[in-house]
Amino acid sequence: MQQMPELTVTSEIYNEYDYHTKISPTNEGNVISEFPFVLAKQTTAAKFDKDNDLDVVRPKKEVIKIEHSSKTKLALVGLQVWRGAFLLADLITHLGIKGELINKTVLELGAGTGLTSFAAALYAKKVVCTDINVGGILELIKLNAKYNDKLIKSQFKVMPLDFMDINWSQELTDEIRDVDIVIAADVIYDDDVTAAFVRTIDKIMNTNPPKTIYIALEKRYVFTIEHLDSVAPCYETFLTLLNKDKMDDVVYNWTVQEMSLDFPKYFTYDRVKELVLWKISSKPS
Ligand SMILES: C[S@@+](CC[C@H](N)C(=O)[O-])C[C@H]1O[C@@H](n2cnc3c(N)ncnc32)[C@H](O)[C@@H]1O
């Protein structure tokens with residue numbers, strides 16, 4: 001039997017800006033990129049000019065330095081950096097500048113290389129950065145945390161969290177209980193992973209005290225003969241699952257809302273129209 005070659009994927013972002021460096025990676029085959037951003041001071045009174053650009057006193061240009069793969073099999077996409085990570089890093093930076101992460105614990109799901117968690121670690125009290133423990137992803141996050149230790153101002157913990165397994169260890173249960181804000185970027189690209197992800201967020205939202213979840217993703221379109229049009233099937237699956245309580249005999253104790261992307265860009269990337277952001281909030285008791 002002839003074996004089909006396994007699909008290799010590459011994030012689109014590498015060719016949009018020059019993030020490239022000549023720094024030697026720790027792991028052979030990887031590259032090190034530097035992702036620039038505007039480091040703004042935390043204030044409870046951030047000001048924006050008429051173009052909605054952040055009006056801060058002498059904002060500093062900084063970079064997040066990330067070791068990553070340039071291409072991977074679909075099962076190891078976490079070893080790359082995806083566009084949703086930047087949109088979510090923008091949002092988290094925006095919340096941070098407004099003082100909304102002071103004394104907060106942030107949990108990242110499907111963190112990949114850790115980029116968005118490092119942005120959160122500038123402003124939060126504690127960041128718990130998680131992903132499935134395959135292909136050295138957690139070791140890569142720890143390595144990238146070392147590269148960015150100057151930026152990490154919070155307590156920073158890396159641990160495994162697999163959406164497919166909601167029988168959490170006592171350690172994970174304790175961590176999740178203490179979380180205020182959950183973030184996830186670009187984890188909607190496969191129907192099985194999406195279903196497991198929604199089960200995970202449902203369990204998180206059933207863990208007191210109340211929490212808020214922000215999910216950033218890029219809608220991925222494919223052309224299908226069946227529809228004779230471009231559709232984003234994984235995104236459709238995600239929306240169906242998020243709204244299951246409105247159709248089936250399912251009770252969620254949380255509500256969802258799509259957010260407008262009217263906050264500034266701190267990171268350097270293309271904020272393409274396929275990027276969307278969802279907010280999930282606990283229902284008032
Ligand atoms: C496209 S990558 C996004 C990575 C990163 N958030 C970013 O935006 O650059 C999808 C992420 O989902 C993670 N993932 C896939 N299956 C998972 C599972 N069963 N449990 C937890 N995370 C999973 C992958 O390991 C990967 O980090």
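Where is the place of aspartate 174?

Guide: Aspartate 174 has its place in helix H4; helices (H or I, at least four residues) and strands (E, at least two) are DSSP runs numbered from the N terminus. The model is predicted, so local features need pLDDT of at least 70 and side-chain atom pairs count only at pLDDT 80 or more, whereas totals for chains, interfaces and linings use all residues. Residues are numbered from 1 along each chain as its sequence is written.

Aspartate 174 is exposed, because 10 other C-beta atoms lie within 10 Å. The classes are buried for 20 or more other C-beta atoms within 10 Å of a residue's own, exposed for 12 or fewer, and partly exposed in between, with C-beta atoms placed from the backbone. Threonine 207 is 33 residues from aspartate 174 in sequence, yet the two C-alpha atoms are 10.0 Å apart in space.

Valine 179 counts as buried because it has 20 C-beta neighbours inside 10 Å. Its contacts (C-beta atoms, placed from the backbone, within 7 Å), leaving aside neighbours within four places in sequence, are Thr105, Leu107, Val128 and Lys211. Isoleucine 204 is 25 residues from valine 179 in sequence and 9.3 Å from it in space, C-alpha to C-alpha.

Beyond S10, aspartate 186 is found in the loop that runs to helix H5. Aspartate 186 has 26 C-beta neighbours inside 10 Å and therefore counts as buried. Although aspartate 186 is not a glycine, its phi is positive, at about 50 degrees. Most residues other than glycine have a negative phi, and most peptide bonds are trans. The bond between asparagine 208 and proline 209 is cis, with omega at about -5 degrees. Proline 209 is found in the loop between H5 and S11.

Strand S11 (residues 212-218) runs antiparallel to strand S15 (residues 275-282), joined by 7 bridges; pairing requires at least two DSSP bridges between two strands. Leucine 217 has valine 276 of S15 as its bridge partner. S15 also pairs with strand S14 (residues 254-258), again in the antiparallel sense, over 5 bridges. There, glutamate 258 is bridged to tryptophan 278 of S15.

Of H1, 14 of 15 residues are buried. Just after H1, glycine 99 adopts a positive phi of about 85 degrees. Asparagine 103, in the loop between H1 and strand S7 (105-109), has a positive phi of about 60 degrees although it is not a glycine.

Terms used: Contact = placed C-beta atoms within 7 Å.
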